[in-house]
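Let me put the model up, and then I'll walk through the parts I picked out.

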Amino acid sequence: MNTGRGRDKGRDQRPVQGSGEGSGQGAGREPGAGLAGATERWVRTGGIELCVAELGDRAHPTVVLVHGYPDSKEVWSEVARGLADRFHVVLYDVRGCGRSTAPQPLRGGFTLEKLTDDFLAVADAVSPARPVHLVGHDWGSVQAWEFATVPRTEGRIASFTTMSGPSLDHFGHWIKRRVTRPTPRRAAQLINQGAKSWYVYMLHTPVLPELAWKGPLGKRWPQILQRVEKVAAGDYPTASLPTDAAHGAWLYRDNVRSRLRRPRSDAYAHCPVQLITPTGDAFLSQRLYDDLEQWAPRLVRRTLPAKHWVPRTRPDQLTSWITEFITTQEEGDPAKHATTRGPYADRFGGQLVLVTGAASGIGRATAFAFAEAGARIIAVDRDAEGAARTAEMSRLIGAPQAWSEVVDVSDEAAMEKLADKVDTEYGTLDVLVNNAGIGLSGSFLETSTEDWKKVLDVNLWGVIHGCRAFGRRMAERGQGGHIVNTASAAAFQPSKMLPAYSTSKAAVLMLSECLRAELAGQGIGVSAICPGLVNTNITATARFTGVSAEEEKRRQTKAARMYGLRNYPPEKVADAVLRAVVRNQAVVPVTPEARGAHLLSRFAPRALRALARMEPKL
Amino acid sequence: MASVTSATSAGAGELTAGLRGFREVQRLAYDCAEAVAAQLKPGVTERAAARMQREWLRERGVRDWFHLPFAWFGDRTAFVNFRIPLQFFPTNRELEPGMAFILDMAPVHNGFTADIGYSGCLGLNPVHDRLLADLEAHRELILREVRERRPLREIYEDVDRLMVRQGYANRHRAYPFGVIAHKIDRVRQRRWSPTLFGFGTQSLKGLASDALHGHRDGWSPLWSPYTFSDHPPQPGLWAVEPHLGFRGTGAKFEEILVVTDSKDPQESAFWLDDDLPHVRRWQEEKAA
């Protein structure tokens, strides 16, 4: 079926490490510095030689990683390292890129048919007996879609994970549908994607792209990636970038026009597909994948708040999703596919979420909501029994793993210890929810210093300790994340009833806003949730100053009843928390009264001040 | 019904004729629930399940109802997004594997009323199993506090607190007046027994007259979280129905609690029947 298969028996193998002879008959460049420990070999096919690197135990299932444009296989270095423990990881430089040789002439040498030949040659060389799991990014994904949809590869691909690279055939149909029957929405989608594809038009001009890449653009590309795409400097991009990019232009010229004009109508995937969509992709609209179920019936969707180069910026997340997907396919357990998950399963599946104050109320509901979306949960509270119960129920409703930890958030040393433990045992947090809080009511003049200390220790210092201990580690990892702090509607609604509580929550609100500004550059979002009157037991445990113990008890009961009559469920606040993380919202008032107060605080603060003087009868 | 409420000699098994009648119809209703539950399979709709209950009971002589049978499937067992009472009525929702369901019926047989709730699930549903197991604590709590003669409103709040501690939402709050229980009584047999919004008119009449008398004497036949339930348990028969909800899955039991005016705590309140499916299930779990 492909011309190179008979000849690739003559491939030679040599380890990369510590050998100057790593450069063989190939392009004669230095071996990929990012792939330490890899074994390299050459696969000859269709008159060219492909540089193939392998990591991990060959007895494990094989994963083939295909890079995009203008990259070489080194774009995968961190993901490959993460996958190598569990899988036999194979990477190759696409023809004309990295250390693989280029076809002569270039025109017509990059068609999807030839790229499929290359893939089959590599797959036969590295895993002759078993089908391989395919992972593609950008143009690697575009060509992998071709591999996964043409009949001649059937039985050679066990699964396919795609990111930032649609099938040209699906894309062609997508455009056709929008051109032939344009509704305002469809037209807007078309214009949006048309604008994002500006570089595709540029690459179709002759000679100029090659000149630019070999000249100023090639020189400045690493800085551009760093500044615009937030790709950290390091072993990527490699020195071969100018030629990779110049040759790769033919990927576009050889395929885009012909495929978009006459898309195949039988481009159905013959293997399970996992789609990972970065929401901040500057080149591809998320709408491209709206009808993907039609082409790939066994589709698993994932979304990631990141830009285009996810293999560089979010390697840990990719590693975990690819591992989970492949493991599920290998185990072939149909029950696992059938588990229905919450509305944000695509976003939070497998992520690590820590919630403080998780033994009751909003914290517990939030833990459950994340658990339902498939996240791994760490439930933290002073109340050991409640936290354990939260963790246990979380596992019941979909959390792959859940733990409970007994920690007082106001204790800095304990929080630091917890952060260390979480880091070593469970991993770096993806979402931190600083929710623990206590209530305190009573006039300012009757609030003692101890009362002040207590409420500030938990409500404010608890949040500070959480953000310091876990936020630092999140920032150090450099792969994004999110921090949610539970403030309160009392943060912007003054009241003579709640001076200490409101002060602590206003501080949390401002802290969140400042932290949001600070961490924005590192892809970490910070949200402040302002729930309002929610039916939780904060009222039953709140302290009322300046009254006898008996009166305090009476007021607690009365307040609990009042909140019970209002009956705003904590589950709705939990939904707001998840939504805030997904949309990266800064300040989220939840109940209607909280939203009203938030609005008034901006447009009619005097009305709020008048309300502040009122004293509800308790 | 004086004959019922003065059942002071209600030890194990020695029930008055009146209580025996109630127990029989309660057993009949639970038999119906088990028979119908055994016939449920994927694709059966709530309406079909409700009809099956109705026909099963009619064949066995039931002519009047406290309320017509209800059936709730899937997330309707937790009354997700219920805003108006009409949503309680059976719909065309189809049963799917792994779905939880609740059958709730209140037949009147020979003038005796029962009101029962039966929770089950089709196939495996660990969440549902957990909910059902956790209901046991509520059955014990309610009986204990009724024997202590605590005000009904406080018992309601204690049940609420236990649910919150367990991590569940209180779903009986969704019932009319948010009741966790209501009184039931004997009903006069008529040749024609019409229903009004699913409730038997005879039973409604009884409830209304109780409400009127209670209003004068400071009690209510509805056991709710509101001030009108701020009174010690009133002797009589109470159909108690704690209903737990947890993220789209609900579970409840409903059975008759007998409250008497006896001074002896053991006889002042007791569950009419301890040989019911959910109780047997808990005993089996303990034995296992």
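So, start with A:Val63, which stands opposite A:His133 in strand 6 of chain A. Before I go on, some bookkeeping: this is a predicted model, where local features need pLDDT of at least 70, side-chain atom pairs count only at pLDDT 80 or more, and totals for chains, interfaces and linings use all residues. Residues are numbered from 1 along each chain as its sequence is written, and chains are lettered from A and ligands numbered from 1 in the order in which they are written.

A:Val63 and A:His133 are opposite each other, and the strands here are strand 4 (residues 62–66) and strand 6 of chain A, which run parallel with 4 bridges joining them. For the cut-offs, two strands pair if DSSP finds at least two bridges between them. Helices (H or I, at least four residues) and strands (E, at least two) are DSSP runs, numbered from the N terminus. Strand 6 of chain A is also joined to strand 7 (residues 157–163) of chain A, by 6 bridges and again parallel. There, A:His137 stands opposite A:Met163.

Buried means 20 or more other C-beta atoms within 10 Å of the residue's own, exposed means 12 or fewer, partly exposed is in between, and C-beta atoms are placed from the backbone. In a regular strand the side chains alternate between the two faces of the sheet. Here A:Val132, A:Leu134 and A:Gly136 point one way, while A:His133, A:Val135 and A:His137 point the other way, and all are buried.

For contrast, take A:Ala195, in helix 5 (residues 184–196) of chain A. A:Ala195 counts as exposed because it has 9 C-beta neighbours inside 10 Å. A:Ala195 and A:Leu284 sit 89 residues apart in sequence, and 9.7 Å apart in space, C-alpha to C-alpha.

Zooming out to domains, whose bounds come from an automatic or database domain assignment. Chain A gets domain 1 (8–338) and domain 2 (348–438 + 446–535 + 569–612). Taken over C-alpha atoms, the centres of domain 1 and domain 2 of chain A are separated by 39 Å. Contact means C-beta atoms, placed from the backbone, within 7 Å, and 12 residues of domain 1 of chain A are in contact with 7 residues of domain 2 of chain A. Which helix gives the largest share of the domain 1 side? That's helix 12 (residues 315–331) of chain A, with 5 residues. By class, that side has 4 nonpolar, 3 polar and 5 charged residues. The classes go like this: Ala, Val, Leu, Ile, Met, Phe, Trp, Tyr, Cys and Pro count as nonpolar, Asp, Glu, Lys and Arg as charged, and the others, Gly among them, as polar.

Strand 10 (residues 352–356) and strand 11 (residues 376–381) of chain A run parallel, joined by 5 bridges, and A:Leu352 has A:Arg376 as its bridge partner.

Now the cores: a nonpolar core is a set of buried Ala, Val, Leu, Ile, Met, Phe, Trp, Tyr and Cys residues joined through C-beta atoms within 7 Å. The largest has 87 residues, and A:Leu354, A:Phe370, A:Ile377, A:Ala379, A:Ile529 and A:Val577 touch the most other members. Helix 18 of chain A gives the most to this core, 8 residues. Apart from it lies another core, of 85 residues, including A:Leu55 and A:Leu134.

Last, the contact between chains takes 8 residues from chain B and 12 residues from chain A.

Note on methods
Contact = placed C-beta atoms within 7 Å.
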